[in-house]
Amino acid sequence: MAIKAGSLVEACSTRITKTGAWRTFVPVFDHEKCIKCSLCEIYCPEGCIHQEEGLFVPDLDYCKGCSVCANECPRMAVTMILEEK
Amino acid sequence: MSEKTANMKVVEGSYAVAHAVMCCRPDVISAYPITPQTHIVENLSQMVADGELDSEFLTVDSEFSALSVLVGSSAAGGRCYSSTTSQGLALMYEVLYNVSGMRMPIVMNVANRAIGAPLNIWNDQQDAIGARDVGWLQIYAENVQEAVDATLQAYKIAEDVQIRTPIMVCMDGFVLTHVYEPVELLDKEKAEEFLPDYQPADILDPAHPKTFGAFADPSTFTEFRYQQFEAQQKALIKIEKVAREFEETFGRYYGGLLDGYFLDDAEIVIVTLGSVIGTIKDAIDAMRAEGKKVGLLKVRSYRPFPVQALRKALKDASVIAVIEKDVAIGGEAGLVTDLKAAFYNSNIRSPIIGFTAGLGGRDITIKDIRNIVAKAEVARKGIQSEFEFLNLRTEIL
């Protein structure tokens, strides 16, 4: 990424700068338990939870593993798992 | 009346500076009143209300908001101005870094004042010296005329496309903000010629979106910082150049980075910044009449710190005494520490001694300057005390 004076870069720089690598725990969704209330999507501070073919999934390029989705889920459908690579 | 004094008017320092700001034609002014800065922004507010100055004057709830408003205004392409002091500058701290990091050429007069606790509204320079590393340029004025002239010069330096760095124009609170002295107010037309309208290189524009104040991970953060560091080095040349251009237009010059007084043959050199220089010059006049080879070096630009210029200016001094109105609690004080650092790798081996004085508005007198010179004469033969609080009232401790 080329940089310009003034902490100034082309618009939409977060598309290049992926921040998911900061994550220690990864949310794992149990779609059987999910009632599609969308609270995880609403509360996610990164806005990275979205629906794919009707199922709620996190975008792991940006998910930082904060656990807000797991805490907010009324059906305990989200479990935080230590991510090891 | 000589030609030199024909256009002089006796006005309050704060009015003179506000008038200079008016001549700079800022698009947006935002400030929060705090003693001893209040009169500057009060005058500006009046000028806007009277239609003398066509600026957006935004009143806000705090200094944090005042400078934050200018971040947005500057990103949108406006020439921006604020002024503050003391706790107000401290409250701006986070935003000071945002402004310099986003390379916004904002100019701010700092009416130097002590920082509490203990509560004290009087002059020293702890506020600005404490903010020396935030990435802003800092110029210190000796008198009201210099504060006026430096304010106009500041925009020309800050807005240079190679520099794009904010500037604090520092003037001692009360001593310069509240004093009435003869000043040549800037001529509006000449000021406009000297400082044309601001042409920003990049602006917030929905048609051409850009990310301002971007997220920078470890792979780019160092380079953003380096660019700021490099811009300050370039400012060393620009500050001098602008001071000379100012001289051509307005006929006044009192140093770009530094200025000397009886420096050429001086054996004992006092180094300082700000309004105490007036007193020191009087003391030097008296001591010179007695045959003492005392001189003065004024540091006008504290950031960037003019290392090479200082080495050149002080190469023949046999002893150097630094006097300053700040203290780096746990260390020594800003200027003396920086000066020693500047000389360590040079050939200059003259003793350097430091004095913190004039804290919280305590007067620095001619007698005090003589006292410092006497101590410097002792230090010449061997340093007894490397750093001390001048006139410490040990009887109340």
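## Contacts of chain B: exercises

In this predicted model, 18 residues of chain B are in contact with 12 residues of chain A; contact means C-beta atoms, placed from the backbone, within 7 Å. Residues are numbered from 1 along each chain as its sequence is written, and chains are lettered from A in the order in which they are written. Local features need pLDDT of at least 70 and side-chain atom pairs count only at pLDDT 80 or more, while totals for chains, interfaces and linings use all residues; pLDDT is the predictor's confidence in each residue, from 0 to 100.

**Exercise 1.** Describe the side of chain B that touches chain A.

*Solution.* 
- Start with the elements. Strand 9 (210-211) and helix 9 each supply at least two residues. Both are DSSP runs numbered from the N terminus: helices are H or I, at least four residues, and strands E, at least two.
- Find the largest share. Helix 9 gives it, with 3 residues.
- Sort by class. There are 7 nonpolar, 5 polar and 6 charged residues. Asp, Glu, Lys and Arg are charged; Ala, Val, Leu, Ile, Met, Phe, Trp, Tyr, Cys and Pro are nonpolar; the others, Gly among them, are polar.

**Exercise 2.** Which strand of chain A joins strand 9 of chain B?

*Solution.* 
- Strand 1 (residues 9-10) of chain A does, running antiparallel through 2 bridges. Pairing requires at least two DSSP bridges.
- Val9(A) stands opposite Thr211(B).

**Exercise 3.** Locate the domains of chain B.

*Solution.* 
- Domain 1 spans 8-250 and domain 2 spans 258-396, with bounds from an automatic or database assignment.
- Their C-alpha centres lie 28 Å apart.

Notes: Contact = placed C-beta atoms within 7 Å.
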